[in-house]
Amino acid sequence: MSFNRIAIYGHRGWVGSPVLRALAATGAPIKVLHRAGSDISSLPKGVSTAEIDLDDAGTIIPALQDIDIVLSFAARDVLLKQHTFVKAIPSTNVKLFVPSDLSFRVDAQGLRIPALKAKHEVEEAAKAAGIPTAVVLVGAFTESALAFPILGIDVPGNKIIFTGDSANQQLFYCTRNYVAAGYASIFARTPPSQLEGRAIRLSELKATGNEIAAVLKEKHGADPQKFVHSIEKADAEIEHCIKNNIPTALSWDCRKAWGTGYIEKGMGKDFWEVEGYKKATLRELLLEGKLEPYKDVPPQIKQLFDAAFH
């Protein structure tokens, strides 16, 4: 199979940057779409660029005339600006649009959380415009689940929150490097017509809350401190966060989905295996120091997550 011509938006992002490197390493022709002033000084060799304005579809249309697949890694503050891609793509030769997702399908309550609502609206708008669309679902990121307490796991503090039945339900998660390898495996050569309409599931690791707690005990030589939250509490916290525009709504929603088993349901069954990739293990990550840090988070936001341990 020949290479697809791929455009990437969000090349400097926490996920977009390793995906760019992985795709460039395949030899596929890559074009970075960037806003004015964005740093493009350290792109992989052979990657081309095009400056665009996410408020002006007219700047995007010419940049996509030689592109087969558009991959968007729009940050949370510009998720809704992906609608400009939806306006532009019908006037181009693009065969597939992959908007920012990288999570799992959520329930009706989850779709009221601003970031998740924005992602859903972009995907639905693209479909309504007749644009061939696909998404990639990863469950949770290992780095945010284990190196940062988004899901109620405090590795350095040896603490864990069990929400609902999360002690026995499996959490599905991927390292950032596995996701990058997955994108390269999926999009470098697969004909876009074979990807259209799919919600592709990447799955590297899975573990129950009890299994994670056992590795924490092994790491620290003592049982982790355990906190128990009901699904009703999670529901109430989600509603409180939505009403008051508190950024931890997504965290509570993910914990609820883990505790009800909804994460697996929300990822579907369209598995994609990355051939030749050695998957990480929970023991390697927590006991052998292979867990990479999460992106920088403002201290006041970190305090909001820490406050959940009670």
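Predicted model: local features only at pLDDT ≥ 70, side-chain atom pairs only at ≥ 80, totals over all residues.
Buried denotes under 20% relative accessible area, exposed over 50%, and partly exposed in between (1.4 Å probe, protein chains only).

Residues are numbered from 1 along each chain as its sequence is written. Local features need pLDDT of at least 70 and side-chain atom pairs count only at pLDDT 80 or more, while totals for chains, interfaces and linings use all residues; side-chain values use heavy atoms, without hydrogens and water.

Of the 12 residues of H6, 10 are buried, so the helix is largely enclosed by the rest of the structure. Among them are Arg-176, Tyr-183 and Phe-187. Helices (H or I, at least four residues) and strands (E, at least two) are DSSP runs, numbered from the N terminus.

Three strands form an open sheet of mixed pairing in the order E7-E10-E12, where pairing requires at least two DSSP bridges between two strands. Strands E7 (140–141) and E12 (205–208) stand at the edges with a single partner strand each, so one side of each lacks a neighbour in the sheet. Strand E10 (residues 170–174) runs antiparallel to E12 and is joined to it by 4 bridges; Phe-172 has Lys-206 in E12 as its bridge partner.
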